[in-house]
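Subject: Structure for you to look through

Dear colleague,

I am passing on the structure we spoke about, and below it you will find my notes on what turned up. Please read them with the structure open beside you.

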Amino acid sequence: TDPVLDYTNHAYDYPDLLSAPPPGEEYPPLEKLGDMFERWPQDEIDNPPSPIVEQLLHFDYSNPAEMAVAVKFRDLELPFKVYNVPELDAANLKWTDSYVASGFARHNDYRPSKHKPLAHGSAEESTDNFFAFFVSKLWNPETMGPPPTLDNDWNFETWAKHARYADQVQLPPTEPHYYWQVAVEKEERNSPKYTWTFISKDLPSFSNPEPTFFGFNPPEQKGIQCRFGERGIAAANHYDTGRNMVAMIAGAKRYILAPPKECSKLAIVIPRKHPAHMFSLLNWGHISLLDDPKVMSMPEQERGWLERARETLAIETVLKAGEVLYIPSFWFHYIVSLQKGAQCNTRSGVPDEPNHYFGGRDTVQKCMDSSY
């Protein structure tokens with residue numbers, strides 16, 4: 001069943017391609033988060049701009065000349081997108097709910113299958129649409145209150161049924177939401193192919209033990225991570241240490257990217273022993289509430305951080321089925337699922353040199369060592 005508003009068929013306005021990366025900080029063009037959410041508030045899934053104006057460059061995977069330019073952007077640690085990727089188009093057709101469900105083991109069943117290798121996924125639930133990242137074993141409910149999310153015992157079929165329902169009824173952000181995730185271990189790529197799960201088999205450019213455009217440093221890759229999101233889910237801001245290629249197999253997600261030099265505005269949790277270390281617990285959807293006269297109260301600390309966060313310079317893009325987004329290492333990203341979808345990513349280690357204008361590992365490390 002198609003969602004009421006299908007972002008894979010929405011109107012988009014794309015920028016003209018460049019023949020080479022421009023100098024300095026000309027690309028990507030950044031704007032304040034406050035302006036971004038004023039134009040399109042996080043939770044207004046059914047009322048997007050039309051057309052959605054894209055600022056990231058889009059390179060055609062089937063065009064060698066364009067991909068040669070894409071490599072230059074990748075090497076300079078600049079974000080961009082790639083489209084017209086045959087294996088993603090094939091996976092989009094192949095990954096029906098029944099097909100994907102058949103590739104997962106049942107909950108808590110770790111026995112090897114006699115018929116085919118099975119992936120092991122799990123579902124997370126939140127009381128609303130906001131999902132924060134944290135280490136569950138370090139979260140102490142007695143001193144910290146209820147954790148942001150909980151694991152549940154759903155199988156993929158149950159999750160998919162709820163995700164279809166969420167699209168059909170245009171599920172509001174205040175209702176419980178559910179996220180399905182699975183990780184393919186890095187060792188799988190070096191195992192015989194008959195032992196590969198469907199994810200590795202269907203995404204050969206991500207699972208190949210030899211370098212590809214998407215997995216360009218296999219020794220540093222940490223496997224493949226996949227997330228199946230439902231309408232409205234907002235995944236909290238965080239960064240990854242590896243150069244990240246994110247493939248959208250089905251559906252669409254809104255990605256908001258901020259360069260490392262914006263770290264001090266983003267409420268990243270600093271204490272190393274905190275369960276959310278390196279992540280943020282800030283719901284950017286609340287930025288739209290700061291100047292809302294109907295909002296009578298807001299915790300003082302949250303208001304302070306939201307006011308700081310809305311000054312963050314960032315760029316957004318809608319990642320649609322068939323596209324791959326390159327997120328440079330240590331760039332922050334906040335993700336909103338616009339409809340039921342499937343996304344997988346793989347990372348390729350840290351570059352020898354960061355982008356000198358936008359920063360990298362040292363920039364974030366300095367930020368984390370400070371008290372803002």
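A residue is called buried when its relative accessible area is under 20%, and exposed when that value is over 50%. Please also keep in mind, as you read on, that this is a predicted model.

With that cut-off in hand, we can begin with N355, which is placed in the loop between β17 (341–347) and α10 (361–369). Its relative accessibility is 9%, and N355 therefore counts as buried. What does the side chain of N355 have around it among polar atoms of the backbone? One of its polar atoms lies 2.9 Å from the backbone oxygen of L76, and the backbone nitrogen of F358 is found 3.0 Å from a polar atom of that side chain. If neighbours within four places in sequence are left aside, N355 is in contact with L76, E77 and L78.

The helix α10 has residues of both kinds, buried and exposed. V364, C367 and M368 are its buried residues, and they cover an arc of only 95° around the axis, which puts them on the same side of α10. On the other side of the helix, D362, K366 and D369 are exposed.

The aromatic rings come next. A search of the whole structure finds 29 aromatic pairs. In one of them, the ring centres of F104 and F228 are 6.3 Å apart and the ring planes stand at 80°, so this pair is edge-to-face. The pair links distant parts of the chain, since F104 is in the loop between α4 (97–102) and β6 (121–126) while F228 is in strand β10 (residues 224–229), 124 residues apart. F104 is buried, with a relative accessible area of 5%, and F228 counts as buried at 3%.

Is the pair of W154 and Y178 stacked or edge-to-face? The centres of these two rings are 4.0 Å apart and their planes are at 25°, so the pair is stacked. W154 lies in the loop between β8 (150–152) and α6 (156–169), and Y178 lies in strand β9 (residues 177–184), so the pair ties together parts that are 24 residues apart in sequence. Both W154 and Y178 are buried.

Ring pairs also link Y27, F59, Y61, F73, F80, F206, F213, F214 and Y326 into a cluster. Finally, there are arginines that lie over ring faces: R74 is over the face of F216, at 4.0 Å from the ring centre, and R254 is over the face of W40, at 4.1 Å from the ring centre.

Notes:
Residues numbered from 1 in each chain as written. Predicted model: local features only at pLDDT ≥ 70, side-chain atom pairs only at ≥ 80, totals over all residues. Heavy atoms only, no water. Phe/Tyr/Trp six-rings, centres within 6.5 Å; stacked < 30°, edge-to-face > 60°. Helix = DSSP H or I, 4+ residues; strand = E, 2+ residues; numbered from the N terminus. Buried < 20%, exposed > 50% of the residue type's maximum accessible area, 1.4 Å probe, protein only. Lys NZ or Arg CZ within 6 Å of the ring centre and 35° of its normal. Polar contact = N/O pair within 3.5 Å; in protein donor to acceptor, adjacent residues only side chain to side chain. Contact = heavy atoms within 4.5 Å. Arc of directions from axis to C-beta.
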